[in-house]
Amino acid sequence: MKIRSVRGTHDIFGEEIDKFKRISDIVSKNAYLKTFKEIQTPIFEFSDLFAKPLGEQSDVVLKEMYSFEDRNNEFLTLRPEYTTPMIRAAITNNLLNDLPLKIFGIGPMFRRERPQKGRYRQFNQINFEILGTKDFLADVELIFLSNNILKELLPKSNIKLYINSLGDKNTLLDFKISLSKYFNTHKKKLSEESIKKINTNPLRILDSKNEEDIEISKSSPKIYEYLTDEAKKHYEDIKRSLNLLEINFEENPNLVRGLDYYCNTVFEYKSDNLGSQDTLLGGGRYDGLIKVLGGPDIPGIGWAAGIERIILLMESEKKIKSTVHIAVTNVKFADYYLNLKKYLSENRISYYWNFKYNLKKSFTKASASSASHVIIIGDNEFNGNFFTIKDLMTGEQKELKLNQIFNYLNDKSR
Ligand code: HAM
């Protein structure tokens, strides 16, 4: 019997797992620098946590949740996103006493979507949230953080940040009503998929990819006309700050996001190199959501990025394939050896030393191992402030300064 993996799932190994680990390292480093605390929540929750807050008419709730009834007749769902579980965890564990609460998490999510490049049924997200502040500077901090992380992970990729404001909940309600009215008058030209959304979820028609829908949306009512003065100021403050921080962005009045809990600021990063699944990261404000989930009436904002989509854009890390055996001829060179060891570690070059001050024994050991080179530390090297490096394959021997070793080994790895 040959058992297949489940459609839309994938195994992560080899170069992909190296990239996965690099992503978690860089995310954690940035998170700790900015004092976000890590949280891990269970991968399943009561279904009620998702159904209403994400929007009963959202695609995720309508079509994509993995929900089941367990033996106690309780309805459970594999988490399709991380924001609601994180808020639930903050409420359950009384973490909302000291605000704002800055939290992050990395882990698998589950959505029963049609699998394709960059779209899986089990995928991994990086997720950041700030709970308990309305300040526009929290929005700016999160966008700044996402920008830093993506820049560090994808220095050469062409990624674009899009932003929009959806206004407060009342504004959004009024806006949805006028959108429904508008789309009803243009019903004939809309795609079948969009017609279904006219009265239930008209916002989603705005980000339809259908050509005719796009054409009709061009003349639809615009959210800016509905924003309150307060919401306008919040949005203007964010744009001014992004300019100040030299973060490039484009405003997209049709950016609405796929989940119902958003209000005010929304943002997304997209890349042209991802095919149709081009959104790498998305997020926004969700003032009101924490109350809906049974917590205090405090605002919140966050974002999530798909790890698999980042991996698709990541270049392979330059890796030194060589393994180096160190041969130290005398204990008096201990400090000189430590200096070399520090350099090799910093440059991620694997090395080994058998703690025997004997050149011959070191070479025998190196030849019996998988080492590609031996670096010798003896009187000549110490006195001349260099290292002798011998290629065990070719027998070639070179005298190098410490800072030349990486390039020498890197050239050989190509
Ligand atoms: P989302 O836009 O649904 O937002 O997902 C965020 C990111 O997860 C997407 O931009 C994409 O990179 C990745 N993603 C989503 N679905 C899939 C899939 N089927 N396969 C691979 N990657 C996928 C949220 O989930 C919100 N909770 C974000 C948020 C946090 N808003 C506020 N705080």
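Which residue has a polar side-chain atom 2.6 Å from a nitrogen atom of the ligand? Select Tyr262 and you have found the residue. The protein buries 95% of the 660 Å² that the ligand exposes when taken alone (Shrake-Rupley accessible areas, 1.4 Å probe).

A word on what is on your screen: this is a predicted model, where local features need pLDDT of at least 70 and side-chain atom pairs count only at pLDDT 80 or more, while totals for chains, interfaces and linings use all residues. Residues are numbered from 1 along each chain as its sequence is written, and side-chain values use heavy atoms, with hydrogens and water left out.

Next, show Tyr261, whose side chain places a polar atom 2.9 Å from a ligand nitrogen.

Now widen the selection to the 27 residues around the ligand (a heavy atom within 4 Å). Glu81, Arg111, Glu113, Tyr120 and Tyr262 come nearest. By class, this shell has ten nonpolar, ten polar and seven charged residues. Colour β10 (279-285), which gives the largest share of the shell, six residues. Strands β6 (122-131) and β11 (300-306) each supply at least two.

Last stop: the largest cavity, with about 70 Å³ of space. A cavity here is a set of points on a 1 Å grid over the protein atoms alone where a 1.4 Å probe fits but cannot get out, and lining residues have an atom within 4 Å of a point. Select its lining, which includes Leu166, Lys176, Asn201, Arg257 and Tyr262.

How values were computed. 1 Å grid on protein atoms, 1.4 Å probe; cavity = no way out; pocket = protein on both sides within 12 Å on 5 of 7 lines; lining within 4 Å. Points joined across faces, edges and corners; volume = space filled by probe spheres on them. Polar contact = N/O pair within 3.5 Å; in protein donor to acceptor, adjacent residues only side chain to side chain. Helix = DSSP H or I, 4+ residues; strand = E, 2+ residues; numbered from the N terminus. Nonpolar A, V, L, I, M, F, W, Y, C, P; charged D, E, K, R; others polar.
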